[in-house]
Number of protein chains: 2
Amino acid sequence: MIGIDGARARILAGLVAVGPETVALAEALGRITAAPVLARLTLPPADVSAMDGYAVRVAEARAGATLRLIGSAPAGHPFAGAMAAGETVRIFTGSFLPDGADAVLLQEDAEAVGERVVVRETVRPGQHIRRKGQDFTEASTVIPAGRRLGPRDIGLAAAANHPWLAVHRRPRIAILATGDEIALPGEKVPAGGIVSSNAHALAAMVIALGGTPIILPIAPDDIDAIARGADGARGADLLVTTGGASVGDHDLVQAGLARRGLAVDFWKIAMRPGKPLMFGQLGDMPVLGLPGNPVSAFICALLFLRPALLRLAGLADAPLPLEPAQTKTPLRANDRRFDFLRAVLERNQDGALLAEAFAVQDSAMQASLARADALILRPPHAPAVEAGGVVEILRFERLGL
Amino acid sequence: MIGIDGARARILAGLVAVGPETVALAEALGRITAAPVLARLTLPPADVSAMDGYAVRVAEARAGATLRLIGSAPAGHPFAGAMAAGETVRIFTGSFLPDGADAVLLQEDAEAVGERVVVRETVRPGQHIRRKGQDFTEASTVIPAGRRLGPRDIGLAAAANHPWLAVHRRPRIAILATGDEIALPGEKVPAGGIVSSNAHALAAMVIALGGTPIILPIAPDDIDAIARGADGARGADLLVTTGGASVGDHDLVQAGLARRGLAVDFWKIAMRPGKPLMFGQLGDMPVLGLPGNPVSAFICALLFLRPALLRLAGLADAPLPLEPAQTKTPLRANDRRFDFLRAVLERNQDGALLAEAFAVQDSAMQASLARADALILRPPHAPAVEAGGVVEILRFERLGL
């Protein structure tokens, strides 16, 4: 059995980002840039006022001086002429500084009566001016390639004058759930069966991570049916299977995919929950075989599907955002399998993060998975930890999952 | 000027969740439950095996004993008869335990030759059995009302046999950007003008938070045009305006909306960036007036639009996930306005979170907003902090923004 890092490295080794597509700015939220976004203009486009007030010459704008108001220049309506000696122009936040002005007198520091503006506070050189290009200059990179676009990036791309953006298309992730015992939600559950949940949880994860899921029809425990099921994944960037990947007599996924030429890279991995994990290639298409247990499938998907999908989606690297926390309960020394404990989090009065592992960690318990805030990581052979000791955790919130 | 908490409380006071709608399970990701989700079945539906192995009677399954194999019961194919004394049935993870069996012998601890199964390891009572209802029981609440559904919840709802869910509809947030100086991305920028970015950043924020944005056409600095622009918001759950909300001569939003009967609750708030903030009602529709500066608008939206939208969306409470960090640079004592400093984060070798505020915090600098990982909160009259001192921060990642 190989370790988690080794497995992840082998999965990622063969994956490259899918191609680009052009999307409208409004559609680009959450997508990953396929090219740097270069500013199409300089911002501010000229020296502008940072406040509402009066454009002045700093040499004249001493407390007690009186200036002559010769006009007003709201933002978007630059003053046409130049300001001569002794003159001032009413300006507003974002207004271009008129020719001849070199500072801004705050309106609170001025007293205006008709055409006369009395300076009440001596102005410092350059005061309240935003310099041309202070935010960005034309042709500079405002957003690098390979960045996931959040609302702030969308605003920045808009400000840089981009109505369209080049982003990676969403990776297509085909999901094949297998098993005689599972039925779609709302459909008749066979005797001794359960409702299929893995495909739906994984599809939701795929969407949350920026991919497009294709939920293939459930394949029964039949080699030919599994082979035909996989045919439906044609054109997908990755096929994920669930179930049928353990070591029992009913390990049919590998046998089914073998009919279509599956080349297995590895299967089985030293972790808990999740031991039966398979990775291989079906022609050009990578295949990730997840366990059938819902908790195992989800945690394996976090560890292996997530980085694979993000690599396909255009992120060069997407390390798990691990962080330290104190365990609320003592933890036993671990054996040779990497262990992931579902836990809830709280903060103590000092702001320190406390993680409390659930007492029961059965890999079929989806309710406790849904209720958990985080996983506590217990590497192979990790020593016992007393209550209050520091452990590494992975918060679901930080993954958006 | 009122403080941030007071402003937020006044905004939230009048807001209630929008109504429910029925959506397919696959559409429910990110939506907020409008009713508790009750399990429609018990899981596991019976005592089942947690491993691949053999169903046994614990009294007989001592090391060295030989049992007679009378059948096989894959998951989904329960064993029809009952197990008599001295008998065993091959079972798999998820298989129903046959009548008469009370434990599971691991396949690794058994030696099977034809119909004979030799026990190699004495079995403990109840070993490797998942009890009926261990995950959840029929009619119990598996997901409470008012929870935002993540991929784990989608899986749990599926397992509980729900093809449809009742969720709050997405709040409709109308966004009205105002100003003579702004143009849509890709369109001709007027002389002295800039490209409109606020509406696009806010629309993306609305989507990220689970709402539906309606980007109204830009309204010029004209009272009638602003009034007509607001008419386009009819049927929205909230109207957000940007620009025209400060104290200059060009504060036209309030005047424009007054033509339609705006009742102002408050305007101006003791924070930086973001001082000009307006809240009021236009008939039944709440109106939030944000500043025109992009950074101010975004931070005000984080503080006020976000909780308003989440309340409308069905979350009872959505406090900001503040957390402690060490400041990398000394910070000056603050004045009476709440200050929000853009900062980047790193972790030191001990895992402690360090926040480094940008040296320049001009509220027009969108590039630095996009580059920031967090905001450092500086409450009114906060004392100076040395480098290494602890401050409160707000991470954009944790907001999904």
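Of the interface residues of chain A, 97% are also interface residues in chain B, so the two copies meet through the same surface; residues are taken to be in contact if their C-beta atoms, placed from the backbone, lie within 7 Å. The model is predicted: local features need pLDDT of at least 70 and side-chain atom pairs count only at pLDDT 80 or more, whereas totals for chains, interfaces and linings use all residues. Residues are numbered from 1 along each chain as its sequence is written, and chains are lettered from A and ligands numbered from 1 in the order in which they are written.

At the interface, 76 residues of chain A are in contact with 75 residues of chain B. On the side of chain A that touches chain B, at least two residues each are supplied by α2 (151-159), β15 (194-195), α3 (198-209), α6 (294-313), β22 (322-327), α7 (366-371) and α8 (396-399) of chain A. Helices (H or I, at least four residues) and strands (E, at least two) are DSSP runs, numbered from the N terminus. By class, this side of chain A has 40 nonpolar, 24 polar and twelve charged residues. Ala, Val, Leu, Ile, Met, Phe, Trp, Tyr, Cys and Pro count as nonpolar, Asp, Glu, Lys and Arg as charged, and the others, Gly among them, as polar.

Two copies of a chain are related by a rotation about an axis and a shift along it.

In chain A, helix α1 (residues 4-13) packs with α6(A) at an angle of about 30 degrees, the axes being 10 Å apart. That makes α1(A) roughly parallel to α6(A), a description applied to angles under 35 degrees, with those over 145 counted as roughly antiparallel, 65 to 115 as roughly perpendicular and the rest as oblique. Axes are lines fitted to C-alpha atoms, for helices over the stretch in contact, and angles run from 0 to 180 degrees between N-to-C directions. The crossing of α1(A) past α6(A) is right-handed, the near helix being turned clockwise from the far one by less than a right angle (anticlockwise for left-handed). I4(A), A7(A), R8(A), I11(A) and L12(A) of α1(A) make the contact with L303(A), F304(A), P307(A), A308(A) and R311(A) of α6(A). These residues divide into eight nonpolar, no polar and two charged.

In chain B, helices α3 (residues 198-209) and α6 (residues 294-313) pack at an angle of about 30 degrees, with axes 11 Å apart. That makes α3(B) roughly parallel to α6(B). The crossing of α3(B) past α6(B) is right-handed. Residues N198(B), A201(B), L202(B), M205(B), V206(B) and L209(B) of α3(B) meet P294(B), A297(B), F298(B), A301(B), R306(B), L309(B) and L310(B) of α6(B). The contact of α3(B) with α6(B) has eleven nonpolar, one polar and one charged residues.

In chain A, six strands form an open sheet of mixed pairing in the order β16-β13-β17-β21-β20-β18; strands pair if DSSP finds at least two bridges between them. Its edge strands, β16 (212-215) and β18 (263-267) of chain A, each pair on one side only. Neighbouring strands of this sheet are turned by 20 degrees against each other on average, direction ignored. Within chain A, strands β17 (residues 238-242) and β21 (residues 285-290) run parallel and are joined by four bridges. T242(A) has L290(A) of β21(A) as its bridge partner.

In chain B, β20 (residues 278-282) and β21 (residues 285-290) pair in the antiparallel sense over five bridges, and M278(B) has G289(B) of β21(B) as its bridge partner. Also in chain B, four bridges join the antiparallel strands β8 (residues 110-113) and β9 (residues 116-119). In this hairpin, which has two residues between the strands, G114(B) takes a positive phi near 55 degrees.

The peptide bond from L43(A) to P44(A) is cis, with omega near -10 degrees. P44(A) lies in the loop between β2 (37-38) and β3 (48-49) of chain A.
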